[in-house]
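This briefing sets out selected features of one protein chain for structural review. The points are grouped by topic.

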Amino acid sequence: MTISGNLYEDPKILERFSSDASSYRVLPTLVAEPATEDDVLAIVNTARERGLPVTCRAGGSGLSGAGVGSGIILNFKKLYNSVLKVGEETVVQPGAILDAFLKQMSRLNLMLPAVPSSSALCALGGNIGTRSTGPRTARWGTIDDFVTSLKFITARGEIVDTGESLPTYLKEGLLDIR
């Protein structure tokens, strides 16, 4: 696999990514740091071809073990971490650190109420993936109430933007959940 970002198989780096803020320890096979959407697509396709699970990670501040896994750790924190647009519509990459994002929002008198105590370390991708909360959640709602669309890559290697149309199998699957 060739990507414009970084790939690591060095035992010391794999060990560093074998834990997060939880007590879980799982040694990954590979750590990949994508720099572009094409990198993410290449990593997901390689994982599928090799039968490896993919674990997305950025801040590693979660307490549930969601940032560790035995396959490929997809580390968004280093290279895929930009805040692309802030305003009524906001666009961020999954590795964007929450505190930096909040500072940009406050300059525009905007607020995101779902702010966990780990905001200096955690990333928005993880906040969305784990439905983060914080002290203002009871009044204003979880982060789910503020996310209007997501762009992601499925295990099949499809790029899906929920702001547009969903593939039929995803739409039907979501309807089955209700």
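How many salt bridges does the structure hold? The structure, which is a predicted model, holds three salt bridges.

**Salt bridges**

- Side chains of opposite charge can pair when their charged atoms come close.
- Glu 37 and Lys 151 meet through their side chains in a salt bridge, at 3.1 Å from N to O. This pair joins distant parts of the chain, with Glu 37 in helix α2 and Lys 151 in strand β7, 114 residues apart.
- Glu 37 counts as partly exposed because its relative accessibility is 27%, whereas Lys 151, at 53% relative accessibility, counts as exposed.
- The side chains of Arg 131 and Asp 144 form a salt bridge at 2.5 Å, N to O. The pair also links distant parts of the chain: Arg 131 lies in the loop between α4 (124–129) and α5, and Asp 144 in the loop between α5 and β7, 13 residues apart.
- Asp 144 has a relative accessibility of 34% and therefore counts as partly exposed.
- Lys 85 is joined to Glu 89 by a salt bridge in which the closest N and O atoms are 2.9 Å apart.
- Lys 85 is partly exposed at 40% relative accessibility, and Glu 89 is likewise partly exposed, with a relative accessible area of 49%.

**Helix α2**

- The buried residues of α2 are Asp 39, Val 40, Leu 41, Ile 43, Val 44, Asn 45, Thr 46 and Ala 47.
- The cover over these buried residues includes the strands β2 (30–33), β3 (54–57), β4 (72–75), β7 and β8 (159–161). Strand β7 also holds Lys 151, the partner of Glu 37 in α2.
- Asn 45 belongs to helix α2 and is one of its buried residues. The side chain of Asn 45 makes a polar contact of 2.9 Å with the side chain of Arg 48.
- When residues up to four places away in sequence are not counted, Asn 45 touches Arg 156 and Gly 157.
- Gly 51 follows α2 and has a positive phi, near 70°.

**Leu 102 in helix α3**

- Leu 102 is found in helix α3 (residues 98–107).
- Its relative accessibility is 18%, under the 20% limit, so Leu 102 counts as buried.
- Apart from neighbours within four places in sequence, Leu 102 is in contact with Leu 112 and Val 115.
- Between Leu 102 and Val 86 there are 9.8 Å in space, C-alpha to C-alpha, and the two are 16 residues apart in sequence.

**Nonpolar surface patch**

- Which residues make the nonpolar surface patch? Met 111, Trp 140 and Phe 146 make this patch, which covers about 290 Å².
- Phe 146 sits in the loop between α5 (137–140) and β7 (151–153).
- Phe 146 counts as partly exposed because its relative accessibility is 36%.

Notes: Residues numbered from 1 in each chain as written. Predicted model: local features only at pLDDT ≥ 70, side-chain atom pairs only at ≥ 80, totals over all residues. Heavy atoms only, no water. Patch = residues over 30% accessible without salt bridge, like charges linked within 9 Å, V, L, I, M, F, W, Y side chains within 5 Å. Areas by Shrake-Rupley, 256 points an atom, 1.4 Å probe, with all protein chains shown as cover. Salt bridge = Lys/Arg side-chain N within 4 Å of Asp/Glu carboxyl O. Helix = DSSP H or I, 4+ residues; strand = E, 2+ residues; numbered from the N terminus. Buried < 20%, exposed > 50% of the residue type's maximum accessible area, 1.4 Å probe, protein only. Contact = heavy atoms within 4.5 Å. Polar contact = N/O pair within 3.5 Å; in protein donor to acceptor, adjacent residues only side chain to side chain.
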